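Me: I'd like to learn how to read side-chain features from a set of atoms. Could you walk me through some cases?
Reply: Gladly; here is what we will look at together.

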Amino acid sequence: MAINGHYGTESDTRSNGLSHYLRTQHVELEQVVYANWNKTEATEKVRRLLHRYPQTNVIWCASDLMALGALDAVKEKSGKRYFIGGIDWLDDNLRLIEQGRLTASVGGHFMMGAWALISLVDHHNGHPYLQTHHEIKFKLGVITNQNVTSYHWLSDITDWSVIPFDAFLLRNTRNAEYRFDFDTLQTLLTEKPALH
């Protein structure tokens with residue numbers, strides 16, 4: 001089952017991505033409902049959906065806050081394991097993933113502003129990338145119990161301005177595409193341990 005945010009482009013984009021992926025995996029999506037990005041509303045809707053679809057054990061949520069609501073709803077169902085994931089990388093959710101109570105959180109979109117500014121610097125300095133590309137895509141990260149500890153460095157950063165973001169500029173590399181990802185950020189931090 002899927003708990004979406006509200007009727008709008010952001011929610012629809014997220015749930016359309018989910019539906020597309022599930023079709024490729026031959027997994028049936030029982031129902032998508034909207035909880036308006038609200039934890040309490042998500043709890044109530046998940047309770048009703050679990051009554052309607054008692055065999056369901058995977059709950060996808062369009063936000064981490066709604067995933068917390070889904071977790072509250074399944075606490076009432078003892079003896080059954082549920083796989084619950086959200087989007088946003090909220091600190092509370094990452095702790096619950098580490099404890100094995102939530103399954104996953106997708107995130108990294110908080111860096112969109114930084115990635116946009118980097119591309120604007122390239123454009124301002126005459127790099128032709130934006131003349132031939134109409135959008136910039138980057139992969140979000142998926143945090144699970146298997147890799148959550150390798151993302152602890154994110155909460156250790158107190159001053160993002162000390163990160164050498166110019167290392168992502170195309171004019172400073174031989175890359176044909178932007179490599180906006182957290183592995184690269186982590187490498188930059190590893191090379192400069194004073195940034196922690």
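Me: Which residues do ring pairs link into a cluster?
Reply: Keep in mind that this is a predicted model. The cluster joined by ring pairs consists of Trp115, Tyr129, Phe138, Phe165, Phe168, Tyr178 and Phe180.

Me: How many aromatic pairs does a search of the whole structure find?
Reply: The search turns up 14 aromatic pairs.

Me: And how should I read a single pair?
Reply: Two numbers describe a pair of aromatic rings: the distance of the centres and the angle of the planes. Take Trp89 and Phe182: their ring centres are 5.0 Å apart and their planes stand at 70°, so this pair is edge-to-face. Trp89 sits in the loop between strand 4 (83–87) and helix 4 (91–98), while Phe182 belongs to helix 8 (residues 182–191), so the pair ties together parts 93 residues apart in sequence. Trp89 is buried, at 7% relative accessible area, and Phe182 is buried as well, at 6%.

Me: Why is the pair of Trp115 and Phe168 called tilted?
Reply: Here the centres are 5.1 Å apart and the planes meet at 55°; planes over 60 degrees apart would count as edge-to-face and those under 30 as stacked, so the Trp115 and Phe168 pair is tilted. This pair, too, links distant parts of the chain: Trp115 is in helix 5 (residues 112–124), and Phe168 is in the loop between helix 7 (153–156) and helix 8, 53 residues apart. Both Trp115 and Phe168 are buried.

Me: Let's turn to the nonpolar core. Which residues in the largest one touch the most other members?
Reply: The general idea is that nonpolar side chains tend to be buried together in soluble globular proteins. In this model the largest nonpolar core has 51 residues, and those touching the most other members are Ile3, Ile59, Cys61, Ile84, Phe182 and Leu185. Helix 3 gives this core its largest share, seven residues.

Me: What is Ile3 in contact with, leaving aside its neighbours within four places in sequence?
Reply: Its partners include Val33, Ala35, Ala42, Val46 and Leu49. Ile59, Trp60, Cys61, Ala62 and Met66 are also in contact with Ile3. Among these contacts, Ile59 and Cys61 are themselves listed with Ile3 as touching the most other core members.

Me: Now the charged side chains. How many salt bridges are there?
Reply: The count is eight salt bridges, taking a nitrogen-to-oxygen cut-off of 4 Å. One of them joins Arg14 and Glu10, with N to O at 3.1 Å. Arg14 and Glu10 are four residues apart in helix 1 (residues 9–24), so about one helical turn separates them. Arg14 is buried, at 17% relative accessible area, whereas Glu10 is partly exposed, at 43%.

Me: Which residue forms a salt bridge with Lys39?
Reply: Asp72 does, and the closest N and O atoms of the two are 3.7 Å apart. Lys39 is partly exposed, at 33%, and Asp72 is partly exposed, at 26%. Lys39 and Asp72 also belong, with Lys75, to a network of salt bridges.

Me: Are Glu135 and Lys137 buried or exposed?
Reply: Glu135 and Lys137 are exposed. They form a salt bridge whose closest N and O atoms are 3.4 Å apart.

Methods: Residues are numbered from 1 along each chain as its sequence is written. This is a predicted model: local features need pLDDT of at least 70, side-chain atom pairs count only at pLDDT 80 or more; totals for chains, interfaces and linings use all residues. Side-chain values use heavy atoms; hydrogens and water are left out. Helices (H or I, at least four residues) and strands (E, at least two) are DSSP runs, numbered from the N terminus. Buried means under 20% relative accessible area, exposed over 50%, partly exposed in between (1.4 Å probe, protein chains only). A nonpolar core is a set of buried Ala, Val, Leu, Ile, Met, Phe, Trp, Tyr and Cys residues joined through side-chain atoms within 4.5 Å. Contact means heavy atoms within 4.5 Å. Rings of Phe, Tyr and Trp (its six-membered ring) pair if their centres lie within 6.5 Å; planes under 30 degrees apart count as stacked, over 60 as edge-to-face and the rest as tilted.
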